[in-house]
Amino acid sequence: MMAALLTGLVSSTLYAQRTRQDSLSVERLAASVAPFFASARTDALHETLSAAAGELGGRLIVVSPDGKVQLDTFALLDGTQLRLKEISQVLTGDVSHAYGIYAVDGTEGEYAALCAARMDLNGETLGALLLSTPVTELRNAIVTVERQLLTVFIATAATALIAALVFAVTLTRPVKALTSTIRRMGRGDLSARVKVRGSGELRELAESYNAMAEKIENFDRSRSQFVSNASHELKTPLATMKILLENLIYQPDMPQELREEFMQDMNHEIDRLTGIITDLLTLTQMDSHDTALKMEELDLSALTEETLHTLQPAADKAGQQLTAQIAPDVRLAADRTKLTQVIYNLTDNAIKYTPEGGRIAVTLSVKGRDAILTVSDNGIGIPEADQAHIFDRFYRVDKARSRATGGTGLGLSIVRQLVQLHGGSISLTSAPDAGSTFTVTLPMRKEAE
């Protein structure tokens, strides 16, 4: 379309220029020879027109109002009747000149331009002056220009199309790779990753997708591990109770003391099973964001002292020294029940895993706009290899000892979830046989809500 428009514009411009030149020349010449034609000065008319025809490079013809040729510079049409549209237009119409281009009869590829102008003298129309000039070269030049422009436009369009295809392939290749990877993940291959290449938004999209895919894979792995661990933890007390119950069933003559001991063991396993289920329900609610915090202005100092007072008998029974260093009037917006559970679980763990005669220290301080709660002990400590997993669900450093103390392996997971719900964080420093220190950081700003 651009090629057609541009070539049409070029040809129209060249033809219009030629038309203006010829029309102006013929009109001036018609005005100058009109007196010669009116006075029948044939020699002067012929001489003037012949000279002008040579200058214009064409042929001049004088036609009377009835269409009869009065003078032909080529002396071929003298006395003949000439019927042309251009002559009729200037003799009968309101135009002073007319122009047209025609193919020359009997020739191949030859074209001539006809320009007619009216000859007037003192308001009287004497006839018409016709100029015939060859325009084959002009037409050929225009055709050549049109072909060259068309060639340029075709080459440009082809280059642009190739560039667009290359660009499209380059642009869509990472998108197709990402789509293919997403389909693989949709079929269950959670390890599928897209190759990061290029720059800009596509690179950022690939990196974001890979990060998301890694999180999904880790979540799926954690979920599978969680289901496996939960099944194992639930199966153990059920298996123990089944064995105890079978002994009671198949030994009707069992001594009363042993029967009571079995019943107490079954009751203990039921309590343990109840504790696991309760913790699982708590974690499930937090995972599904169904846990709503009942935020209130809370005196964390008083809450810590109350919780430690509740745990003091357990520490005394284990022969441990429980000390507290609590900054006064530490206030923040929080859920009383949830923070009580955090303090209780951390301190209770310290009591369970600290040998008799050990020391447990709880401190509460303020740093900047954060409240810092630490629970330290000089107990068995945690190996470095286990510290990265200590907050994982059902993870135990010493499984046999953990079950002996009644732990479910979910306490620290719940603590971390509750701390994060309050916008805080929890960390651990520990070493084997050197004790452990859990540090909880809680924001005191109202934005923590």
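A: Buried means under 20% relative accessible area, exposed over 50%, and partly exposed in between, with a 1.4 Å probe and protein chains only. Strands (E, at least two residues) and helices (H or I, at least four) are DSSP runs numbered from the N terminus. The model is predicted: local features need pLDDT of at least 70, side-chain atom pairs count only at pLDDT 80 or more, and totals for chains, interfaces and linings use all residues. Residues are numbered from 1 along each chain as its sequence is written, and side-chain values use heavy atoms, leaving out hydrogens and water.

Two strands pair if DSSP finds at least two bridges between them. Strand β4 (residues 111-121) runs antiparallel to β5 and is joined to it by 10 bridges. Within this pairing, Glu 124 of β5 stands opposite Leu 121. The two strands β4 and β5 form a hairpin with 2 residues between them, and Asn 122 in the turn has a positive phi of about 55 degrees. Strand β1 (residues 59-63) is also antiparallel to β5, with 5 bridges joining them; here Leu 130 in β5 is the bridge partner of Ile 61.

As for packing, a nonpolar core is a set of buried Ala, Val, Leu, Ile, Met, Phe, Trp, Tyr and Cys residues joined through side-chain atoms within 4.5 Å. The largest such core has 36 residues. Apart from it lies another core, of 21 residues, including Leu 60, Ala 117 and Leu 126.
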